Amino acid sequence: MAKTYSGERIPGTLRYTLKIREGNEEHIVQVPEPSIQILTDGFGPEESANRLALAILLDFSKNPQISFAHYKDFNFFLAGLLSEDNWLLHSNRIHLFFKLLENPSFEKKPILSGNL
């Protein structure tokens with residue numbers, strides 16, 4: 001069954017409430033603020049978005065190795081969506097992300113080059 005993920009930033013913080021809905025069931029996860037203990041990833045809103053991306057991939061894939069390997073790419077794929085104060089994401093976009101990962105022959109062409 002398809003899932004819907006939504007996030008809401010807790011005002012005055014970089015913490016988020018992540019809601020995961022599948023059918024009539026809803027689960028709520030608190031995603032903490034970045035802390036000084038994570039030296040490799042930095043701080044601030046971008047790190048909060050990375051943490052949300054990781055939480056979503058962990059829930060969706062149930063595979064920690066894949067999730068940790070691709071959460072930053074997934075955040076980039078969503079083009080800043082997870083940095084917003086409120087957002088909604090359907091699992092179809094996560095399926096698309098994994099399909100693009102599986103297709104190594106997918107050629108990225110710059111839009112500005114005119115070579116579409």
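## Basis of the values

The model is predicted, so local features require pLDDT of at least 70 and side-chain atom pairs count only at pLDDT 80 or more, while totals for chains, interfaces and linings use all residues. Residues are numbered from 1 along each chain as its sequence is written, and side-chain values use heavy atoms, with hydrogens and water left out.

## Helix H3

Helix H3 comprises 12 residues, 91-102; helices (H or I, at least four residues) and strands (E, at least two) are DSSP runs, numbered from the N terminus. From its first C-alpha to its last, H3 reaches 17 Å, close to the 16 Å expected at 1.5 Å a residue; the expected span is 1.5 Å times one less than the number of residues.

Ser91, Ile94, Phe97 and Phe98 are the buried residues of H3. They lie on the same side of the helix because they cover an arc of only 105 degrees around the axis, the arc being that of the directions from the helix axis to the C-beta atoms. Buried means under 20% relative accessible area, exposed over 50%, and partly exposed in between (1.4 Å probe, protein chains only).

## Packing of H2 and H3

Two packed helices are described by the angle between their axes and the distance between the axes. For helix H2 (residues 64-77) and H3, the axes come within 11 Å and cross at roughly 110 degrees. Axes are lines fitted to C-alpha atoms, for helices over the stretch in contact, and angles run from 0 to 180 degrees between N-to-C directions. H2 and H3 are therefore roughly perpendicular to each other (angles of 65 to 115 degrees).

On the H2 side, the contact (heavy atoms within 4.5 Å) is made by Ile66, His70, Asp73, Phe74 and Phe77. H3 contributes Arg93, Ile94, Leu96, Phe97, Phe98, Leu100 and Leu101.

## Phe98

Phe98 lies in helix H3 and counts as buried at 15% relative accessibility. Residues up to four places away in sequence aside, Phe98 touches Leu57, Phe60, Ser61 and Ile66. Ser61 is 37 residues from Phe98 along the chain, and their C-alpha atoms are separated by 9.7 Å.

## Positive phi in two loops

Most residues other than glycine have a negative phi. Lys62, in the loop between helix H1 (45-61) and H2, has a positive phi near 60 degrees. Lys62 is exposed, at 57% relative accessibility.

Ala79 has a positive phi near 50 degrees and is found in the loop between H2 and strand S4 (86-90). With a relative accessible area of 68%, Ala79 is exposed.

Terms used
Angles under 35 degrees count as roughly parallel, over 145 as roughly antiparallel, 65 to 115 as roughly perpendicular and the rest as oblique.
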